[in-house]
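Thank you all for making the time this morning.

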Amino acid sequence: MRISFKLKLILSYLFLIFISLGFIAFFLDKNLEEKSLQEIKTSLINEARLIESNISAVPSVLNNSTYLDKLSKDLGLRIKSRITIINPEGKVLADSGVSFQETANLENHLYRPEVIKAFKGQIGQEIRYSSTLKIDMLYLAIPIKNNDINIGVLRLALPLTSVQKVLFVVRKTIIVGLFFTLGLAFVLSSILAKALIGPINRIIYTSSKFAQGDFSHRIFQSSDDEIGKLAATLNKMAQDIEEKIREISTKNQHLEAIFNSMIEGIIVTDSSSRIISINHAIEELFDIKRTQMRGKFFLEVIRNSEISELINNAMGSAKFISKEVVLLISAQKVAQVNVSPVFEQDKVIGSVTVIHDITEIRRLETIRRDFVANVSHELKTPLTSIKGFVETLIEGALEDKENSLNFLEIINKHVNRLDTLINDLLDLSHMESKEIVFSKNKFGLSGLVSEVVLGFKSQAKKKGVELSFELPQGLEIFADKSKIEQVLVNLVNNAIKYNKEKGFVRIYSEQLADKIKIIVEDSGSGIPIKDIPRIFERFYRVDKARSRELGGTGLGLSIVKHIVELHSGSVGVESTEGLGSKFFFTIPR
Amino acid sequence: MTNDKKIIIVEDDEDINNLLAYNLGKEGFTVEQVFDGVSAIQRIKEDVFNLIILDIMLPGINGFDICRQIKDDPRYYRSFIVVISAKCREQDKLYAHLLGADCYLTKPFNLANLLSAVKEICASLDKEYVVENG
């Protein structure tokens, strides 16, 4: 059974009070008993002396048994004691407790202890159970003297019931008092214990909150005693812990934020290549969920043995390792993988892997390399023709009237092509370096389109292409007019060049929520699906020979894309091979 | 006997192809012209040429592939390849040589150099015949 502290406190109070009161009652009782016995004895002795003096004054009465009997009975009634008179032979001469006739039959009293003492001249005392009266009796015997000669013994006997009655009353009072005191003590100690326990209970309640991790509670304790000090210490501790926790969690949040906002993917593993954490970039890169992988082996989560090997090597050699790794996820990606072992007291306890997706960098590098190669090829090809034909002419072909003019025309064509190419390249380079400054104005789109269409009229007619446009009057855009004209010229030029005989080119617009979409639709050969994603790349041509034959530089659509994007718009194409294409661009309103 | 050699020009740029054909023709050579890789491979398989004047950047099958094809063909063990290309990096030249190119001229090439190279090659072919016949 669990006894509460409060109950223990109450019980110990009660125990203490009970013990102290018990001792007091015990000694009081003893003392009282002795005192009252002593008093009875003293009065009995006095009474005995009084009677003895009556008898010893007239010793002859000892022979008058009738008188003695009467005397003993008279006095016995008066002093409420039994009076026995015994002669020196031990024979009972008179007894107040027995009738005159029976006195003669009483046994000899000579050897009763108190009588023996009295015959020796002392006061004999004895408490004894009286077989005659069946109660405890106090016997007191004194000698009856006549000129210092014992002529008999006077014995007084008093039943102790009266003494016991007195003691019983006293004891009853003490016991009642004891219980009353205990009752009162219980009530008072309960109140006291409650007052003592209250603060302790509050401390228990609050510290149990602390144990649950809730450090926001405080113990309200104003007293300055030990409990007050305990409460103050606990409060201080809670406050310190709360501050530390806040500090740590803020730090953690910062780290978490940095960890997750990093573009580089980060994988932290323990020494057995089990994943401890990954960041958001890794989730995206490998299309996994962070919650599913904690504690799993690296290879269980990311099935790339090359990275796994790098991690193991870095931990094994305790050295930083960096390598370019090709990842085959949904698309092929190139990643720079850096693995650093993590040390704790010179012991490798894990690794940190940083994965930098360099696909885009590599792609851009490839594009740049391709571009340089393309530019040199595109520049060198016309130059080769020019140089070759000039040398041919110098070497005597000038005399060849049949061909010389033709050669000059070829030279002229290539010079023009070079000129166009260089202009296009300069345009592109300006736009890419964002150095270009647009002079934006509000202008009517339909006016501009009609001008462009007019410019292509003869070219369209030559090819038998029907060129038409349908734009709402008053449709205005805010843009660089000459650049938008360049966009339209490039798109319409392509639409006519790659059209079939007796085809059509239509220009129209759609008004979207926040932008205007301009569509140039043709009935040409269309673009194969595989080429569509690359059609806006520099020098990308679906049909290289045909493009060159038609005088294209391979940069037209790239320029279109740049101009539109610098106007915060977008370009696109929908095409069905053999049926035609729809090139479109949007310009914000 | 310089004009009995079989020469093929593989060049997708029509004007350059014609330029070479005109000048070699004037020197007394008979030349065949093809304008793309696929027809070049076809002609090389059908016939055996003594000299192949080859561009690298061709639509479809490129010049390196054609070089490889010629190198693997035992009938061509005595033939010469002259590469004309805008690719001017050393590694491209080395690659072409490894694939069996005998001469590499970068565009824009000097016409006189090309012609003298062709003449030299044809003369050496004649010499070999002489040695063999003698």
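Let me begin with a term: a residue counts as buried here if 20 or more other C-beta atoms lie within 10 Å of its own C-beta, which is placed from the backbone. With that cut-off in hand, 26% of the 589 residues of chain A count as buried, while for chain B, with its 134 residues, the figure is 39%. Please keep in mind throughout that this is a predicted model, with an ipTM of 0.90 and a pTM of 0.56. Chain B has an average pLDDT of 88, and 93% of its residues score at least 70.

Turning to the two chains themselves, chain A contains 17 helices and 17 strands, and chain B contains five helices and five strands, which in sequence order run β-α-β-α-β-α-β-α-β-α. If we take the contacts between residues at least 6 apart in sequence, 57% of those in chain A join residues at least 24 apart, and in chain B the corresponding share is 59%.

Now to the place where the chains meet. On the chain B side, 15 residues are in contact with 15 residues of chain A. Which elements of chain B give two or more residues to that side? They are α1, residues 14-26, and α5, residues 111-133, and the largest share, five residues, comes from α1(B).

The crossing itself is left-handed. From α11(A), the residues taking part are T384(A), S385(A), G388(A), F389(A) and T392(A), and they meet D15(B), I16(B), L19(B), Y22(B) and N23(B) of α1(B). That contact is made up of four nonpolar, five polar and one charged residue.

Is G388(A) buried or exposed? It counts as buried, because 27 C-beta neighbours lie inside 10 Å. Leaving aside residues up to four places away in sequence, G388(A) touches I16(B), L19(B) and L111(B). Within its own chain, G388(A) is 23 residues from I411(A) in sequence, and their C-alpha atoms are 9.3 Å apart in space.

Finally, I would point you to another helix of chain A, α17, residues 556-566, which is largely enclosed by the rest of the structure, because nine of its eleven residues are buried. Those buried residues are G556(A), L557(A), S558(A), I559(A), V560(A), K561(A), H562(A), I563(A) and V564(A). What covers them includes the chain A helices α12 (401-432) and α15 (481-497), together with the strands β16 (571-576) and β17 (580-588). After α17(A) comes S568(A), whose phi is positive, near 65°.

I will stop there and take your questions.

Conventions. Residues numbered from 1 in each chain as written. Chains lettered and ligands numbered in written order. Predicted model: local features only at pLDDT ≥ 70, side-chain atom pairs only at ≥ 80, totals over all residues. Contact = placed C-beta atoms within 7 Å. Helix = DSSP H or I, 4+ residues; strand = E, 2+ residues; numbered from the N terminus. Buried ≥ 20, exposed ≤ 12 C-beta atoms within 10 Å, placed from the backbone. Left-handed = near helix turned anticlockwise from the far one by under 90°. Nonpolar A, V, L, I, M, F, W, Y, C, P; charged D, E, K, R; others polar. pLDDT = per-residue confidence, 0-100.
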